[in-house]
Amino acid sequence: MTSRATLIQIEGVSKWFGDFQVLRNVNLQVAERERIVICGPSGSGKSTLIRCINRLEEHQEGRIVFAGRELGPDATDLAQVRREIGMVFQEFNLFPHLTVLENCMLGPTRVLGMTAAEARDRALEFLNRVRIPEQAGKHPGQLSGGQQQRAAIARSLCMQPRVMLFDEPTSALDPVMIKEVLDVMNDLAESGMTMIVVTHEMGFARTVADRVAFMDEGSIVECLPPKQFFSNPSDERTKLFLSQILSH
């Protein structure tokens, strides 16, 4: 754990979908500017966990505290919290009838109360940062998958969040587009953004993560610095997962 202030505290979090327990007593602390990669087999609860962090899903037991505010059923400032927690999904979730620029301007004008001119300047700044300023006037359907995902990242950044959550952001992309998106995420990490990334891109985990968490059957089995995670994991389930994913 770093000496920086804790931004997200997850304590004993459990969640059920009906009779199925998808999260089991999950504990995790994330510090300011820390980059956490979460990996594990399909169905292990990775996506559900990060969706609980911004209350897209509700947990039934335990506590999630973001920047000193508990995110429970009684939270009164969820809208404010969600402004500070950016989320990038596997599917790009861009509005197809709006241009890329308009997609990026929507949140700042509707939620943050910025003028159209201010929102446009901010949107162009972040489209430039994700390396697609020339796509600003196009609609999402005119872009490649990698460009759409970078537009989705820019849209989240326009809200100037304190943390970015990524839910398998490259899983729908071909190898060339994967590199485009990972390069942008790498730049974002280097800028000091706090990031929690659900991914199977182990190269990204090795080079960018401060810690790698392995989940299985709804629990975090272990959470280690990358060097230790890849060379000397302690749990047999982690060793099996790594042997399977790194052999592909």
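Author: Start with a loop: E168 lies between strand 7 (163-167) and helix 6 (175-190). The model is a predicted one.

Reader: Why does E168 count as buried?

Author: Buried means under 20% relative accessible area. E168 has 19% relative accessibility, so E168 counts as buried.

Reader: What is the phi of E168?

Author: Phi of E168 is near 45°. That is a positive value in a residue other than glycine.

Reader: Where is E217 placed, and what is its phi?

Author: E217 is in the loop between strand 9 and strand 10 (219-224). Phi of E217 is near 50°, again positive in a residue that is not glycine.

Reader: Is E217 buried or exposed?

Author: Exposed means over 50% relative accessible area. E217 has 56% relative accessibility, so E217 counts as exposed.

Reader: Which residue takes a positive phi just after helix 1?

Author: R55 does, with a phi of about 65°.

Reader: What makes T194 a buried residue?

Author: The cut-off is under 20%. T194 has a relative accessible area of 2%, so T194 is buried. T194 is found in strand 8 (residues 194-198).

Reader: Which residues is T194 in contact with, leaving aside neighbours within four places in sequence?

Author: Contact means heavy atoms within 4.5 Å. Apart from those neighbours, T194 is in contact with L7, V30, A31, E32, R33, E34, R162, V163 and M164.

Reader: How many aromatic pairs does a search of the whole structure find?

Author: The search finds 2 aromatic pairs. F214 and F241 form one of them, at 5.1 Å centre to centre and with 40° between the planes.

Reader: Why is the pair of F214 and F241 called tilted?

Author: Ring centres must lie within 6.5 Å to pair. Planes under 30 degrees apart count as stacked, over 60 as edge-to-face, and the rest as tilted. The planes of F214 and F241 are at 40°, so the pair is tilted.

Reader: What parts does the pair of F214 and F241 tie together?

Author: F214 lies in strand 9 (residues 211-216), and F241 lies in helix 9 (residues 236-245). The pair therefore ties together parts that are 27 residues apart in sequence. F214 and F241 are both buried.

Reader: Why is the pair of F229 and F230 called edge-to-face?

Author: The centres of F229 and F230 are 5.2 Å apart, and the planes are at 85°. F229 is buried, as is F230.

Reader: How do you know that the radius of gyration of the chain agrees with a compact globule?

Author: With 248 residues, a compact globule would have a radius of gyration near 18 Å. The chain has 18 Å, so the two agree. The C-alpha atoms fill a box of roughly 55 × 45 × 40 Å along the principal axes.

Reader: How many helices and strands does the chain have, and what share of its residues count as buried?

Author: The chain has 9 helices and 10 strands. Of its 248 residues, 53% count as buried.

Conventions. Residues are numbered from 1 along each chain as its sequence is written. This is a predicted model: local features need pLDDT of at least 70, side-chain atom pairs count only at pLDDT 80 or more; totals for chains, interfaces and linings use all residues. Side-chain values use heavy atoms; hydrogens and water are left out. Helices (H or I, at least four residues) and strands (E, at least two) are DSSP runs, numbered from the N terminus. The radius of gyration is taken over C-alpha atoms; the globule rule is 2.2 Å times the number of residues to the power 0.38. Buried means under 20% relative accessible area, exposed over 50%, partly exposed in between (1.4 Å probe, protein chains only). Rings of Phe, Tyr and Trp (its six-membered ring) pair if their centres lie within 6.5 Å; planes under 30 degrees apart count as stacked, over 60 as edge-to-face and the rest as tilted.
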